[in-house]
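Hi,

Here is the structure I promised to pass on. Have a look at it first, and then read my notes below.

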Amino acid sequence: MGKVGERIEQINETFGIEVEFCTHDSEILSFTHIEVCTIKHKGNDWKIETDADYTLELVSPILTFDNAKEANQFKATLMATLDQLVREEPTLGKCVESIKGFLETQTNIKYFIEIKEEIKETRIKYILQTGLLKELNFHNWDEDTNLERVIAQRKKINTLDNEKVQEHLQGVMLSPSKKHGGLPSSQLNHPMSLNTYVWYSMYIKEPKAWFRVIASSKDDFLNRWRNKKIESIKTQYKHLDDNWKQRYLNDDYLEQRQDNNIPIWHRYWFWLVSIREILEKALNYRSEGEKIEELDKFKAKLLTTKIKEPISEAQLFWNKSKTPEWIENILFEDSGMKSNTVQDTKEISNDPSQLKSAMYVTIHKLISGALGVLSEEKQGELQEMIMAMQGEIDADVLKSCVANPEFLHFHYALKDLTPLWFKGSLGDVIFSINDTNIKLELKKSLEKLKSDDVEYILNNNLKFLGRIYMFNEYFNYGNSYDWEEFRETLLPSVSGFVRQFNKGKDQLVEEWDNINSNFTYEKIQEKRKNENIQDQENIQDEDHAKEKKPAFLNRTAVPAWEGRWDTIKKPIRQNGKTTEFLVEHRNN
């Protein structure tokens, strides 16, 4: 979250932090979503969980800070501390003890849930043997998992009691993260109102995406980005010795990080702009504001320019060394707001009407839901086959046995379509709208939205990115990816996607009158429970609260307009105040 985001007013000053901080050497822990251990500090659970690519992450309980700036400062301290711990390549047991010690020194940590004084002793609990074996299922399989080794280790685990399993886990060796360039990566979760979330997406994140798409091949932008990254590493990771500093501060490393980010920035642009333009088409209006108007003009000019060689840089003010002045003037980056007051930010964030905000989230939900339908269950089927074959047949061969193989990667990529992942259900969003006229207008606008219009918008935006790529290549500015390969990961089949998008839209319109009674988070979870869906249980011992979280890749009872149901949370409601929804700020 940047400086503008830090000044957004929240009703609930609560935050959740996730930090991917190390790589490990355990085949058993290559399975994802395993809660390896819990550090109970002042009665609140800090969890160490497995993630893809042999990675561990630390997940905080609900924390309270006076503002988002304080939350970001604590997150930065936590990331640096975790990185320093794993530089010594410790065992998991030693690292967990060190994290426990760190938490005990943080006297200023405030938890949302206050625990009675007599149970505030810090304790560590590892997953039990039965719980660990249960988690080694096809839902949690990762593509980097070596099944032969897992099968051998699982047989060994099956012979151990809980004490020996704990010793086994404590002996797992850790090293600095191999993901995200070798340094920790984090996400910050905090509540936002519907209007504020949409304002932040449309008027902060989308212009920033435009800026990066247009400027990311310019020398001045690249130099600024590198200098900012160098300063960030020097400031946050002061514990690094000279060898590590040399590794992270040299031109080759920075260029690699930059090259990794450019396709991410282009993906953000594609989906942020597509969501807004589909919203405009659905509501039959044009977004107002100098920034959006100028950017749309630039896009139209680029798309209508006839390409004749030799191409002149003057045609589109394409200059290698300098970012166009017009885009510098109308966009602001994180530091660009003239005022530092929360009040000014709050006034701006009242701009999107409730109708526009609700439609924005609806369009985003229909997109992620369509990609979820096309990928999640099919990926689950693939992983089940891989586990059943015990690695005897290559996963790439088995892919041909499931439908929509070109969409399978979206089962994990859904959260990264844009820089923000909205964790509320669409049913709860619509339930939070008290004005029946707005709900009626939403339904009518969805009914009028044509699939041909959606397909045109998506193809047009793909064409724009293709033009950007072509101009960069022609003028030898370079790109960090192959266009055809990137396009396939961005949206492999526009027509196939639009068909599923339209199915989800039609189902949503058909079920509109039943949204409140059937499709809020609690109602969907109730249906899953009644149908005996085996959602992952967080219960490991009597000290853990009895709660369930939705199983990864399991879409039973999940409507076609929801994706990654395992991440969706209940809304945060206050009597007489605006409903807020949890939003995850991705690493961007």
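What share of the contacts in the protein with a separation of 6 or more is accounted for by residues 24 or more positions apart? The figure is 82%, where a contact means heavy atoms within 4.5 Å.

Before the rest, a word on the basis. This is a predicted model, so local features need pLDDT of at least 70 and side-chain atom pairs count only at pLDDT 80 or more, while totals for chains, interfaces and linings use all residues. Residues are numbered from 1 along each chain as its sequence is written, and side-chain values use heavy atoms, with hydrogens and water left out.

**Overall picture**

You'll find 23 helices and twelve strands; these are DSSP runs numbered from the N terminus, with at least four residues (H or I) for a helix and at least two (E) for a strand. Of the 588 residues in the protein, 57% are buried. Buried means under 20% relative accessible area, exposed means over 50%, and partly exposed is in between (1.4 Å probe, protein chains only).

**The cores**

A nonpolar core is a set of buried Ala, Val, Leu, Ile, Met, Phe, Trp, Tyr and Cys residues joined through side-chain atoms within 4.5 Å. The largest one here has 93 residues, and Trp 271, Ile 367, Leu 371 and Phe 497 have the most contacts inside it. Helix H7 (residues 194-215) gives the most to this core, with 14 residues. There is also a second, separate core of 63 residues, which includes Cys 22, Ile 34, Phe 74 and Tyr 126.

Most residues other than glycine have a negative phi. Ala 557 has a positive phi of about 70 degrees, and Arg 564 has one of about 50 degrees. Ala 557 is in the loop between strand E11 (548-549) and strand E12 (580-585), and Arg 564 also has its place in the loop between E11 and E12. Ala 557 counts as partly exposed because its relative accessibility is 24%, whereas Arg 564 counts as buried because its value is 7%.

**Cysteines**

The structure holds zero disulfides, a disulfide being a pair of cysteine sulfur atoms within 2.5 Å. For Cys 95, the nearest cysteine sulfur is that of Cys 22, 6.1 Å away. Cys 95 is buried at 1% relative accessible area, while Cys 401 is exposed at 53%.

Cheers
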